Every structure is written in C-alpha cells, then in structure tokens.
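Below are some notes for a colleague who has the coordinates open and would like a reading that keeps to what can be computed from them. The points are numbered so that each can be checked on its own.

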Amino acid sequence: LGDVAAEERRRVVAPPPLPLRPVLLLVAVLLLGLTSGAARRGPPDPPVVVPARLGDMTFVTGDRLFVVTSGPDKIISAYALPNGRPLHRTPMTGRGPIFNVDEAGPLILVSYQEERDRGEVTVAVRPGSGEVVWRQPARMLAADPADGMVLLRENSAEYGNLNWFGIDLFTGDLRWRLRQPVRGFTTDDSFAGGFPRHLISVT
C-alpha cells in the first residue's frame, strides 16, 4: 500500500479546462471599459491670465487668488477662482515683506514683517480702501468667519516665549491666550473647514 500512495503523489493531475463563455464575457467587459474611458472629450477651457509683474507674490486661500505687488507701496489684488474675475484692489500701509494673505468675512487679513524691529504683525483691513480695523503683533495661522475667530501665534526672540492667541475677527479683541511651555511644544489639531478646533501642548 505504501508504494501505491507514493505513486499517487507523483501523478500530475491536469486542471479542468476553463469554460470559454465566462472568459469571453470578461474580456468583452474589459475592452468596453477601456474604450469608454478613452472617449474624446471637448477641448479644455482656455487658461485664465492674471496680470502680475516680476517680483510680485501670489497667495491662494480657498476660492481666492491674491497678487501682492513688489516694492515699498504694496497693492493687494484679489481674484475669484476659478474664473479669475477681479474683485478688489487694496493698498497696504506696511512696507515689510508679506507672508500671508486671507479673506475672512468682510475683512482681508495680512501678516507681514515690520522693517524696524523685524517683528511679525497681522492687520485686518477693509477691501478696497485699505482702512486698518485692527492690528496685532503676531502671525496669522487660520481664520474662521463663521465663529468670528482668528488664530494667531506670537514668536519672540526670547527662548521659549511663544504665545498663541484667539482674536475676535471683527474687533481684534483678545478672546483667549495660551503660553507654550518653556522647552515644550504646542501644535494645532482637529481641523474643520481649515480651522483647528484643538491646541495640543506638551511639556
């Protein structure tokens, strides 16, 4: 009996042939998918050209494109996306380099670096006129027009002295402040609509 079992193990059994009809059906479905995906569509929309000069800076936030002119007297031009429709042109009083622009509700929020002491400043200005509504010596991180809140972070040359602020969007009044622990770390988390709902602080 042992010899017969060994002989059976050595025998190669050919698999049964695949049915032809399901294989042909599968090939037909694959070919149909490939041909339908390659169907010719109409020509793409023409590109939208937004005027800008060499040295101008651009910022994209949400459905807005901002073009900031270079030079001491800056102009912030806002365009709607994706059609590139011009919305407004706003003069800026700050002469330092701008590193963040956002539109929140009826205001434009601009963060820039002051030339005198190299500190960071955020201002809220009215579109078109450039009227300054409020000014805070900190960098803007995010804004939530629905809650009327702006999240700012203050950087200091002093080691470990770093503050986070919740600022009222419309008045610039302080709602709350969090001081980062010395030799610690603070980060934002739980974003909803681009605005963090939590700050996590670790000593």
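Is R135 buried, partly exposed or exposed? At 44% relative accessibility, R135 counts as partly exposed. The model is a predicted one, and the points below should be read with that in mind.

1. The salt bridge of R135. The partner of R135 is E114, and the closest N and O atoms of the two are 2.3 Å apart. The pair links distant parts of the chain, since R135 belongs to strand β8 (residues 132–136) while E114 sits in the loop between β6 and β7, 21 residues apart. E114 has a relative accessible area of 11% and is therefore buried, the cut-off being under 20%, whereas R135, at 44%, counts as partly exposed.

2. R139 is partly exposed, its relative accessible area being 26%.

3. The remaining charge pairs. Salt bridges that share partners join D63, R64 and E103 into one network.

4. Four residues lie between the two strands of the hairpin, in which G148 takes a positive phi near 65°. On to the next pairing: β10 and strand β11 (residues 162–168) are likewise antiparallel, here over seven bridges, with R153 standing opposite W164.

5. The surroundings of L151. This residue of strand β10 is buried, with a relative accessible area of 3%. If neighbours within four places in sequence are left aside, the contacts of L151 are R139, M140, L141, A142, W164, F165, W176, F195 and P196. L151 and R177 are 26 residues apart in sequence, and their C-alpha atoms are 10.0 Å apart in space.

6. The nonpolar cores. The largest nonpolar core has 14 residues, and those with the most contacts inside it are I76, M92, I98, V101, V110, Y112 and V123. Two or more residues of this core come from each of β2 (64–68), β3 (74–80), β5 (98–104), β6 (107–113) and β7 (120–125). Apart from this core lies another, of 13 residues, which includes L109, A143, L152 and I167.

7. I98 and K74. K74, which has its place in strand β3, is buried at a relative accessible area of 9%. Residues up to four places away again being left out, K74 touches V68, T69, T90, P91, M92, G94, R95, G96 and I98.

8. Backbone details. Two places in loops deserve a look at the torsion angles. The peptide bond that joins L81 and P82 is cis, with omega about 10°, and P82 lies in the loop between β3 and β4 (86–92). The phi of R183 is near 60°, a positive value in a residue other than glycine. R183 is found in the loop between β12 (174–179) and β13 (185–192), and at 68% relative accessibility R183 counts as exposed.

9. F185, I200 and V202 make a nonpolar surface patch of about 270 Å². Of these residues, V202 has its place in strand β14 (residues 195–202) and is partly exposed, with a relative accessible area of 43%.

Terms used: Residues are numbered from 1 along each chain as its sequence is written. This is a predicted model: local features need pLDDT of at least 70, side-chain atom pairs count only at pLDDT 80 or more; totals for chains, interfaces and linings use all residues. Side-chain values use heavy atoms; hydrogens and water are left out. Two strands pair if DSSP finds at least two bridges between them. Patches are made of residues with over 30% relative accessible area and no salt bridge: like charges are joined within 9 Å, nonpolar side chains (Val, Leu, Ile, Met, Phe, Trp, Tyr) within 5 Å. Accessible areas come from the Shrake-Rupley method with a 1.4 Å probe; for residues, only the protein chains shown count as cover. A salt bridge is a side-chain nitrogen of Lys or Arg within 4 Å of a carboxyl oxygen of Asp or Glu. Buried means under 20% relative accessible area, exposed over 50%, partly exposed in between (1.4 Å probe, protein chains only). Contact means heavy atoms within 4.5 Å. A nonpolar core is a set of buried Ala, Val, Leu, Ile, Met, Phe, Trp, Tyr and Cys residues joined through side-chain atoms within 4.5 Å.
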